[in-house]
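I opened my notebook on a structure I had not looked at before. These are the things I looked up, in order.

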Amino acid sequence: DETKPLKPCEFGVFKMKEGADKEQLAAFLQTRINLKIQNAVSYPTLDTEPLKTAKVTIKGNYVWYCAVSKSNEEIDNNLKGKM
């Protein structure tokens, strides 16, 4: 969601093929989030709360991540209960 560039909002659910490297995708997503947090130093008005509390989860053949303001824990728990 690029409508509010100073307030990150990202969410993704990926259904992986059997045998796919889910850990590699999860590591990529976490690295991407970490890089955004590091880059935020140059943008002091950027709200980093969604990034610092982001969740990256693997369950079964699914990998998901969420970096949504004040909702990461709730989104993660809801998806865990449905996948």
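First, a term: I call two strands paired if DSSP finds at least two bridges between them. Helices (H or I, at least four residues) and strands (E, at least two) are DSSP runs, numbered from the N terminus.

Ground rules. I am working on a predicted model, where local features need pLDDT of at least 70 and side-chain atom pairs count only at pLDDT 80 or more, while totals for chains, interfaces and linings use all residues. Residues are numbered from 1 along each chain as its sequence is written, and side-chain values use heavy atoms, with hydrogens and water left out.

Entry: the sheet. I looked up β1 and β3 (residues 62–67), and they pair in the antiparallel sense over six bridges. Within this pair, F14 stands opposite V63 of β3. In what order do the three strands form the open sheet? I noted β1-β3-β2, with antiparallel pairing. That leaves β1 (10–15) and β2 (55–59) as the edge strands, each pairing on one side only. On average, neighbouring strands here are turned by 10° against each other, direction ignored. Axes are lines fitted to C-alpha atoms, for helices over the stretch in contact, and angles run from 0 to 180 degrees between N-to-C directions.

I then found helix α3 (residues 72–82) packing on the sheet, where it touches β1, β2 and β3. Contact means heavy atoms within 4.5 Å. The direction of α3 makes about 160° with that of β3.

Entry: helix α1. I checked the length of α1 (residues 22–39): at 1.5 Å a residue its 18 residues should span 26 Å, and the end C-alpha atoms are 26 Å apart, which agrees. The expected span is 1.5 Å times one less than the number of residues.

Which residues of α1 are buried? My list reads K22, L25, A26, L29 and I33. Buried means under 20% relative accessible area, exposed over 50%, and partly exposed in between (1.4 Å probe, protein chains only). Seen down the axis of α1, the buried residues fall within an arc of 100°, so they line one face. The arc is that of the directions from the helix axis to the C-beta atoms. An α-helix has 3.6 residues a turn, so residues three or four places apart point the same way. I saw that the buried residues of α1 pack against β1, α2 (49–52), β2 and β3. On the face turned away sit the exposed residues Q24, F28, T31 and Q38.
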